[in-house]
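Hi,

Here is the structure I promised to pass on.

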Amino acid sequence: MDPLGTILLPFEWLVSFVMVAFHEALSFIGLPAASGWTWTFSIIGLVLVIRGALIPVFVKQIKAQRGMQLLQPDLQKLQAKYKGKTDQLSRQAMAQEQMALYKQHGTNPFSACLPMLIQMPFFFGLFRVLSGISNAQANNTGIGAMTHDQVEQFHNSSILGAPLSASLLHGGGGDAVAVAILSILMIVAMTASQFITQKQIMAKNMSDAAMASPFMRQQKILLYILPLVFGIGGINFPIGVLIYWTISNLWTMGQQFYVIRRMPAPGSPAARALNERRAAKGLAPIDVTTGKVMRPEDIPPPPEPKTQRQQPQRKNRKKKS
């Protein structure tokens, strides 16, 4: 077995075990064991298990992202302090002070990627399981926790005429038109949900300071690049993998919508909208950093409106006769 296969083997067993467990439960309550929809619901069950287990990690990610936004003013001051200094000692001192800032705020730039990084081994494990269905069926073997009979069932199952193990680029049996249409629809849904999720974060849940940071400029570039990468890569994915990734992205989109509405980042448009909704209900505003209701003396006064400076008027001079 190749080194990558050795690393992913436990994940192949785990994802296939969860799928089989859901498949057996669904078959027990009366769904046809050989139906593609039964296996599709099993894949959705796998998403629910993995994403449910990642909720504590997601909470940690939210706290880390909030910390990154709160330290942006300090980070900008640090960058201004060392601007133009390219010697080794200055770079080392800047790196040390930057790490101290991250430690002080309990965050780091990589925390936002943590849930995705944890998901990736499971995603690739599922990819290898579903991609290996055809070979396992041809060789009369099982794959992961799936027995040969279950491999046979999955290989022969389809939804809307498209086998779950087929892909747009490599085919895999069934109706070629159905495979193409379903694959394209799933790829569009997968990339669109990912784009919308990131877009709503940047449009509603970022403070002005965070939006002006160099880090955010990189995020704006990734906003358009990552969906494109996944969209192009999607032509290689079996339909079962596309179902997994699309449902996972929809979970993320709903999760972010809830967080933006109920736990917005300080200084963001969503935080202002939250307190506007509370004011409309006659409730006191809350400090979104701590989640506590603000006392009247803690509420900052609204900024004074800027008045236009009145130009001095020239006195009318009498014309000389």
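Below is what turned up, going from the whole chain down to single residues.

Keep in mind that this is a predicted model: local features need pLDDT of at least 70, side-chain atom pairs count only at pLDDT 80 or more, and totals for chains, interfaces and linings use all residues. Residues are numbered from 1 along each chain as its sequence is written, and side-chain values use heavy atoms, with hydrogens and water left out.

The protein chain has 13 helices and four strands (DSSP runs, numbered from the N terminus: helices are H or I with at least four residues, strands are E with at least two). Of its 321 residues, 38% are buried (under 20% relative accessible area; exposed is over 50%, partly exposed in between, with a 1.4 Å probe and protein chains only).

Asn140 has phi near 55° and sits in the loop between helix H7 (133-138) and helix H8 (148-156). Asn140 counts as exposed because its relative accessibility is 56%. Leu160 also has phi near 55°, in the loop between strand E1 (158-159) and strand E2 (162-163). With 65% relative accessibility, Leu160 counts as exposed too.

Finally, find Val229 in helix H11 (residues 214-233). Why is Val229 called partly exposed? Because its relative accessibility is 49%.

Cheers
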